[in-house]
Amino acid sequence: MTTAHAGTASAQVPTQSVYQSRVADYWNAEENPVNLELGMIDDLYHHHYGLGEADRSVLEEQDPERRRTRITAELHRLEHAQAELLASHLGDLAPEDRVFDAGCGRGGGSVTAHLRYGCHADGVTISAKQAAFANEQARKRGIDGKVRYHHRNMLDTGLATGAYAASWNNESTMYVELDLLFAEHARLLRRGGRYVTVTGCYNDTYGQASREVSLINAHYICDIHPRSEYFRAMARNRLVPVHVEDLTQAAIPYWELRRQADHLVTGIEDTFLNAYRNGSFQYLLIAADRV
Ligand code: SAH
């Protein structure tokens, strides 16, 4: 009897590969100004890139201190525009609905969805530090009753089956096998629920992964998937695309501005620009229905 009990009690901590532990180490240690200084503006912490035309007049500001502040604010505006675009594709959500934010970072995406729809949100990150940070932010905002972050593996969340009206990955699909990821989203989403991803993917028409794509993989310890793999893996997991948008052109102004932000650059800026321009890499939004 004792042995049987010990066996059933072991499922508490999701299994984690060595690779996933390295990814967790990366995000536990990560304190890039581009991730922290932008978030401090309005306590919406985004760890993704930005979309839309940039106001380049910020670069002409003569006062150095003011120039930095204005560039930081403009990059944050573009990043937040991406979070809003993603949230706008989540469907008609009501305050009693639940959403699942897979690979949630420091939590800005879940807050954005909650502010827009009033919904409950569960964010999951493999970084304990990020989950703690995001929960503290939700507490300070007074929304911790509805927005919660969990230190878990998004492939094996332990969250309730069929409980979610919508779910998403904002720049976090490149850390996992898509089949396993979409199987978990399909399990969590109710029938008719909406899944959305915004992601960089490599362009099948280019051939294989380019040098730039490989450099991005090495920089972030990730594995960028080809565009085709998204649709194959969705089809295998009851996720039927309803809207696909090529955001590549809309992603470029962000990188052009960021490469000139000396106080925020991480060194990967030109690689992204070259990857987009040589046609080997695309920025995509895919919205799909769970059938
Ligand atoms: N979606 C967030 C963060 C993107 S950064 C945003 O838009 O701001 C990538 C995130 O994926 C990090 O938070 C990292 O911890 C998370 N991640 C990577 N692999 C994961 C896994 N297997 N399970 C859960 N989170 C994971």
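Student: A cavity is a set of points, on a 1 Å grid over the protein atoms alone, where a 1.4 Å probe fits but cannot get out. How much space lies in the largest cavity?

Tutor: About 660 Å³. That volume is the space filled by probe spheres set on the points, which are joined across faces, edges and corners. This is a predicted model: local features need pLDDT of at least 70, side-chain atom pairs count only at pLDDT 80 or more, and totals for chains, interfaces and linings use all residues. Residues are numbered from 1 along each chain as its sequence is written, and side-chain values use heavy atoms, without hydrogens or water.

Student: How many cavities of 30 Å³ or more does the count give?

Tutor: Three.

Student: Back to the largest cavity. Which lining residues are closest to its centre?

Tutor: W27, H47, E171, S172 and Y175. In total, 48 residues line the largest cavity; a lining residue has an atom within 4 Å of a point.

Student: What is the lining made of?

Tutor: It divides into 23 nonpolar, 19 polar and six charged residues. Here Ala, Val, Leu, Ile, Met, Phe, Trp, Tyr, Cys and Pro are nonpolar, Asp, Glu, Lys and Arg are charged, and the others, Gly among them, are polar.

Student: Which element gives the largest share of that lining?

Tutor: Helix α2, with five residues. Elements giving two or more residues include α3 (33-39), α5 (108-117), β2 (120-125), α8 and β7. Helices (H or I, at least four residues) and strands (E, at least two) are DSSP runs, numbered from the N terminus.

Student: Let's take α8. Which of its residues are buried?

Tutor: E212, V213, I216, N217 and Y220, in a helix that runs over residues 211-220. Buried is under 20% relative accessible area, exposed over 50%, partly exposed in between (1.4 Å probe, protein chains only).

Student: Why do they line one face?

Tutor: Seen down the axis of α8, they fall within an arc of 145°, so they share one face of the helix. The arc is taken from the directions from the helix axis to the C-beta atoms. On the other side, R211 and A218 are exposed.

Student: What does the buried set pack against?

Tutor: α2 (18-29), β5 (189-202), α10 (248-258), α11 (269-277) and β7 (281-290). Contact is heavy atoms within 4.5 Å.

Student: And α11, what does its buried set pack against?

Tutor: α8, α10 and β7. The buried residues in α11 are E269, T271, F272, L273, A275 and Y276. Just after α11, G279 takes a positive phi of about 80°.

Student: S280 is in the loop between α11 and β7. Is S280 buried or exposed?

Tutor: Buried, at 0% relative accessibility. Beyond four places in sequence, its contacts include C201, Y202, E212, V213 and A275.

Student: New topic. Which residues have the most contacts inside the largest nonpolar core?

Tutor: L90, F182 and F272, in a core of 84 residues. Such a core is a set of buried Ala, Val, Leu, Ile, Met, Phe, Trp, Tyr and Cys residues joined through side-chain atoms within 4.5 Å. Strand β7 gives the largest share, seven residues.

Student: What does F182 touch?

Tutor: Y195, Y230, A233, M234, N237 and L239, leaving out residues up to four places away in sequence.

Student: Last one: where is R141?

Tutor: In helix α6, residues 128-141. R141 is partly exposed, at 31% relative accessible area. R141 touches D42, D43, L44, V111 and L115, again leaving out residues up to four places away in sequence.

Key:
1 Å grid on protein atoms, 1.4 Å probe; cavity = no way out; pocket = protein on both sides within 12 Å on 5 of 7 lines; lining within 4 Å.
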